[in-house]
Amino acid sequence: MLLTITTKRYPATDLGYLLHKHPAKVQTVTLTAGSAHIFYPEATDQSCTAALLLDIDPVRLVRGNNGPADFVLEQYVNDRPYVASSFMSAAIAQAYSSAMNGRCKDKPHLVDEAIPFEINLSVLPVTGGEALLREFFEPLGYDTTVQSHLLDEQFPEWGQSRYFNVTLRHTLPLKTILSQLYILIPVCDNDKHYFVGGHEIEKLMEKGKGWLDTHPAKELITRRYLRYIGPLAKEALGMIMKDEVLPVEEKQPKDRIRLHDLRLQIVRDILLELNVATVADMGCGEGKLLRLLMEKPAFKKILGMDVSYHALEIAQSKLKMDRLPEMQRARLQLVQGALTYRDKRLSGFDAGVLVEVIEHLDEPRLAALEKVVFEYARPQYVIITTVNAEYNVLYEKLGSGTFRHSDHRFEWTRSQFATWGDRVAAQFGYEVSYRPLGETDEVLGGPSQLALFKRS
């Protein structure tokens, strides 16, 4: 199977810098069941093409296949050596890792430049046919040309196969194209050659960042990528759909900050204003707030707690904890735990933070959270954010009486949040103030709301 990437943007040989592969050399990388060869059929200032050719060894393929087979001879009779499958994704990740991760040593300005590319894939298996292939690529803006193949040219009455030669044209940064191919090639095939576990969620979040959350087929893509493993798919979809859909009347420029990122930045800025040194992020998820806090030397001790072990794995990877210098590593601790049970590890912090956490609990269980946070942990400051239910009418895709996220157990109006916050503050000896988050409507308030509790 063959993947080619072509550009005619002058000078076209900049493609070699982006890929970190010299056009004058043939290079080879080793895969689990074969090799991938990188070479350039053409390399001029006017047109440059990089080719990635996979050479899958059928014997190594059989030796490495310990998974279930659909029929008894599947290990020996299959299409894997001849099609673009998850082996192609693995080859992209190994051969073009620098490009896909946005690194270009000699010409770093090219990394984020939208460049016109033509991508050719031979041969791509698509379980679902041409219509599904187009459903995956065309919403991303690709000009898609598809050539289908008969099951058997000697027996045309057998109809079309699931194999296609695909040409994709788009003007995008190369790192974006490679990330999309990395995800969508095995999604089209609806199969993978390796065990799918929690680590695949991290890959999906990383490579799908910036495009998967807005893709109309994001749910199908997620479920296929994770091989329909229910718990993994549910967790991944929860992360992907965490942020709300933009109100229909709001036209967001490309550089406008997302609401969830805005929340985190405001929380960090409040913590800096409060001059606290130790912070516990209670419900840290994949560690976005932790990363913002780690950037500021003012925070001497940072704890991230989450009930999801997979989310903590993603946070550990995103924060590159294994690569941190010893002094930096000593500032940060990740722990698994639930906020409905007393946990001594939460004690002794200047501030506790719960960003979009409380609405994921059943309301009767909030009493347990209140005691854990305000009575047992009892930090000097507590910051809590939650969605503002009044703002929901501005969301085009949100039906009446439905929540912004499938895992929300409730969504409060500003009055309901203030009633709860005032009671908690009075019960546990805190003072509380409130503010809106996000672009504020004169009548409905902000899309999110924040309460700052200060121990009396």
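Predicted model: local features only at pLDDT ≥ 70, side-chain atom pairs only at ≥ 80, totals over all residues.
**Entry: strands 1 and 5**

I then looked at the two strands around that bridge. Strand 1 covers residues 2-7 and is joined to strand 5 by five bridges, with the two running antiparallel. Leu 3 of this pairing has Leu 121 as its bridge partner in strand 5.

I moved on to strand 7. Strand 5 (residues 115-125) and strand 7 (residues 160-172) run antiparallel, and nine bridges join them. I looked up two of the partners in strand 7: Pro 116 is bridged to Thr 171, and Leu 124 is bridged to Phe 164. Strand 7 also pairs with strand 6 (residues 143-150), again in the antiparallel sense, over seven bridges. There I found Val 146 with Val 166 of strand 7 as its bridge partner.

**Entry: the whole sheet**

I wanted the general rule written down once. Strands of a sheet pair through backbone hydrogen bonds, and the pairing is either parallel or antiparallel. In this model I find an open sheet of seven strands, ordered 2-3-4-1-5-7-6, with antiparallel pairing. Which strands stand at the edges? They are strand 2 (27-31) and strand 6. Each has a single partner strand, so one side of each has no neighbour in the sheet. From one strand to the next, the twist averages 15°.

**Entry: helices on the sheet**

Next I checked which helices touch the sheet. Helix 3 (residues 86-95) packs on it and touches strand 1, strand 2, strand 3 (34-43) and strand 4 (48-56). The direction of helix 3 makes about 125° with that of strand 4. Is helix 3 mostly covered or mostly uncovered? I find it mostly covered, as seven of its 10 residues are buried. The buried residues of helix 3 are Ser 86, Phe 87, Met 88, Ser 89, Ala 91, Ile 92 and Ala 95.

Helix 6 (residues 174-189) lies across strand 1, strand 5 and strand 7. I noted its direction too: helix 6 runs at about 15° to strand 5.

**Entry: helix 7 and helix 12**

I then turned to a pair of helices. The axes of helix 7 (residues 199-207) and helix 12 (residues 309-318) come within 9 Å of each other and cross at roughly 55°. Helix 7 is therefore oblique to helix 12. The crossing of helix 7 past helix 12 is right-handed. I listed the residues that make the contact: Ile 201, Glu 202 and Glu 206 come from helix 7, while Glu 313, Ile 314, Ser 317 and Lys 318 come from helix 12. By type, the residues of this contact are two nonpolar, one polar and four charged.

**Entry: Asn 275**

Asn 275 sits in the loop between helix 10 (259-274) and strand 8 (278-282). Is Asn 275 buried or exposed? Its relative accessibility is 66%, and the cut-off for exposed is over 50%, so Asn 275 counts as exposed. I also checked Asn 275 against Phe 299: the two are 24 residues apart in sequence, and in space they are 8.8 Å apart, C-alpha to C-alpha.

Notes: Residues numbered from 1 in each chain as written. Heavy atoms only, no water. Axes fitted to C-alpha atoms, helices over the stretch in contact; angles between N-to-C directions. Helix = DSSP H or I, 4+ residues; strand = E, 2+ residues; numbered from the N terminus. Parallel < 35°, antiparallel > 145°, perpendicular 65-115°, else oblique. Left-handed = near helix turned anticlockwise from the far one by under 90°. Contact = heavy atoms within 4.5 Å. Nonpolar A, V, L, I, M, F, W, Y, C, P; charged D, E, K, R; others polar. Pairing = 2+ DSSP bridges. Buried < 20%, exposed > 50% of the residue type's maximum accessible area, 1.4 Å probe, protein only.
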